[in-house]
Every structure is written in structure tokens, then in C-alpha cells.
Amino acid sequence: MPREALALCIKRDEMSEELRVLYVAMTRAKQKLIMISSHKNVEQFLKRAASKILSDGSILPYSVKECSYLSDWLAMCALIHPDCQEIREISGYDIAPDTTVNASMRIQVVKLSESDYVDTDDIEDVVIQIVDTEDSTVIDTLKTRTEYFYQKAALAHLPSKVSASELSHRLSDKVFDRILDTPAFMNDSALSAADRGTALHEFMQFCDFASAKADLESEIKRLTDSGYLSLIQADSIDREKAERFINSSLIERCINSDKVYKEFRFTIKVDAKLVDPQIDEAFADEKIILQGAVDLAFVENNELVIVDYKTDRVKDINDLYDVYHNQLKIYKTAMEQCTDYKVKECLIYSIHLGQSLKI
């Protein structure tokens with residue numbers, strides 16, 4: 001019941017927005033507004049629209065809500081307009097017009113036959129016949145507008161915004177085989193393998209490395225009490241992997257560094273050729289918005305070291321290079337744009353293997 005109520009509210013809000021946009025579009029006209037609606041069967045369309053109107057010309061909110069197209073709304077309004085007797089007769093319904101309407105409206109029903117359809121190859125000759133004027137500027141204007149070609153059509157297939165991970169996978173032709181989680185009813189753990197990986201990742205994001213190094217359990221309890229981890233997440237953390245990470249030489253370097261960035265979010269502009277290496281050179285320097293987040297970065301000897309955590313279950317850490325080296329290059333560009341530091345080193349840390357790989 002709540003789900004259905006929510007769906008009705010969403011539908012109502014969307015319809016209100018469509019009505020608002022239609023009103024704005026129609027009221028832009030200063031002198032005359034011409035609107036065209038095409039239907040396979042005009043009689044059936046008008047009968048359907050007329051059946052939603054009361055005999056006194058009233059249109060109920062329910063009838064408006066049940067409309068599927070903008071043309072349905074317009075047709076109902078036209079059917080009660082004093083100037084539109086022609087379509088009331090076509091609908092076959094006896095509807096009283098709204099005599100309080102002051103604006104004039106002209107409805108023209110045009111039925112096309114096979115001979116009325118024009119081959120696109122002959123459209124130029126037809127336009128010239130319709131214009132029927134010696135003023136060549138009119139024809140030239142029409143030809144210019146109908147033959148317009150968007151100069152940046154090559155960019156149309158590119159997204160205006162892309163994430164670093166998505167871009168990385170676009171640029172890599174290597175993917176790992178997908179390993180499906182064991183079904184919940186066959187799993188003794190309360191969390192799936194992916195959820196346990198996420199819990200460990202969040203621990204690595206929020207923990208104080210020095211405190212965790214001194215007492216891992218106390219730090220996990222602190223994160224749980226602070227709301228960073230749920231009790232289920234805290235229990236699911238692989239202590240062996242967490243200990244291996246905390247006691248690694250990489251984290252020792254981080255603890256002794258001058259400054260630490262965790263989950264550093266960035267938004268930068270990159271060249272279109274980075275998103276699509278095959279793009280035409282004329283558009284290679286067009287800008288695309290790139291967003292992402294760096295798991296860990298720290299300043300060492302006034303230069304940045306970037307670390308990206310990976311949960312992929314691989315046997316050899318070198319397997320991660322082909323898939324993620326482009327992503328680390330993107331992070332390098334982003335961090336150098338967003339901070340005052342040059343990046344001296346990019347590393348992938350495999351949570352599964354407990355090893356790091358320099359990119």
C-alpha cells in the first residue's frame with residue numbers, strides 16, 4: 001500500500017511538471033501559436049478525449065490525470081472552446097462550450113492521402129512550390145535551416161560527465177570473470193562477500209592508523225560506537241587482513257607522513273581524447289567533467305603518494321595492473337590539479353593478497 005501511494009504521488013508530481021512546462025511553452029508566443037498533433041484515427045482520438053468531458057463542459061481533475069499525452073489535454077480544451085464546433089461534431093458528443101473564454105482558436109483537421117506524402121529526395125522542389133515567391137532569400141533561409149549540420153556532432157556520443165572508475169574500465173580491454181556471491185541461504189555469514197569487503201574498506205577509510213596499530217579491536221569498537229560501522233560490519237571484518245594492512249610498510253609510511261588525505265573527492269575537467277582516444281583531432285581538446293574519489297594519499301618529502309584499495313580476488317597482484325593503471329593515472333592528474341603537490345608514486349593495495357603494486 002505505501003509503495004502504491006508513493007507511485008501515485010510521483011506520477012502526480014511528474015504530471016504537474018509536464019503541465020507547467022507546457023504552459024510555459026505555450027505562453028512564450030507573442031502574436032500567434034501554432035500547434036500540430038498527428039493521429040492515425042482522428043475520429044477515435046476526439047471521441048476518446050470527449051468522453052472525459054462532462055456534458056456541461058466541465059473537465060474533472062481525474063480526467064486530466066488519466067491523460068497519456070499532451071495532445072489529450074489540448075484536445076479536451078479545444079472541445080470546450082466556442083470556436084471549435086467542427087471537432088465537437090466529429091467527436092459525436094454534445095458538449096456545451098465554455099462561453100467565458102475570450103481568446104480565439106482555430107482548429108483545422110487535415111486528412112492526408114497517399115499522394116500527400118513527399119519523398120525526402122524531392123523536399124526541396126516541394127518547398128519551392130509552397131513558397132511560390134520570387135524572393136530567393138526566403139528559399140535560401142529555408143534551405144539553410146533545413147540543411148543545418150551541427151558542427152560538434154562527433155561529441156554527441158560522449159557523456160558530459162564520467163566517473164574515474166567508469167573511464168578506467170572503458171580504457172582497459174581486460175576484465176575479470178564475474179564471481180557470483182553464494183546465495184544467502186547457503187551462507188553462514190550475515191553479510192555477503194561483497195558486503196564484507198565493503199565493511200573492511202570502510203574500516204580502512206575511517207580508522208586512525210596509529211590507534212589501530214596499537215590496538216585493532218579498540219579502534220574497531222571506536223568506529224562502531226561513533227556510527228562509522230554497524231555491529232554486523234564490525235563483526236564481519238577479517239581481522240587477519242586488517243592486521244596485515246595496518247602493519248604494512250605502506251601504512252607505516254603514511255603514519256610518518258606530513259599530511260594524509262582519505263576518500264579525497266574531486267571534480268575536474270579532462271580532454272575528450274582521454275574519454276575517447278579515437279575522437280577526431282578537431283575535438284580532442286574539448287572538456288569533459290570527471291569525478292572520482294582517491295582512497296588514500298599522503299605527503300612524503302613534499303610529494304604525494306596515492307594509494308587505491310582493491311578487493312578483487314586475484315592470485316597475482318600484477319593482474320590488477322592492466323585493469324587499473326589508467327585509473328591511477330587519472331587520480332595522479334586529479335590530485336595534481338586539486339592540490340599543491342606533485343605525485344611521485346601511485347600504488348594499488350590488494351586487500352585480498354595484502355600486497356601493494358607500484359604503477
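Biologist: How many nonpolar, polar and charged residues are in the lining of the largest cavity?

Modeller: Four nonpolar, no polar and three charged. The model is predicted. The lining consists of Phe45, Arg48, Ala49, Lys52, Cys67, Asp72 and Met76. Arg48, Lys52 and Asp72 are the charged ones, because Arg, Lys and Asp count as charged.

Biologist: Which elements give two or more residues to that lining?

Modeller: α2 and α4. The largest share, three residues, comes from α2.

Biologist: What makes this space a cavity?

Modeller: A 1.4 Å probe fits there but cannot get out, so the space is called a cavity. Its volume is about 30 Å³. The search of the whole structure finds one cavity of 30 Å³ or more.

Biologist: Why is the other space called a pocket?

Modeller: A pocket is an open set of points, with protein on both sides within 12 Å along at least five of seven lines. The largest pocket holds about 1700 Å³ of space. Its lining has 41 residues, and Met35, Ile36, Ser37, Arg106 and Ile107 lie nearest the centre.

Biologist: What makes up the pocket lining by class, and which element gives the largest share?

Modeller: By class there are 25 nonpolar, nine polar and seven charged residues. The largest share, six residues, comes from α4. α1 (2-26) and α2 (42-50) each supply at least two.

Key
Residues numbered from 1 in each chain as written. Predicted model: local features only at pLDDT ≥ 70, side-chain atom pairs only at ≥ 80, totals over all residues. Heavy atoms only, no water. 1 Å grid on protein atoms, 1.4 Å probe; cavity = no way out; pocket = protein on both sides within 12 Å on 5 of 7 lines; lining within 4 Å. Points joined across faces, edges and corners; volume = space filled by probe spheres on them. Helix = DSSP H or I, 4+ residues; strand = E, 2+ residues; numbered from the N terminus.
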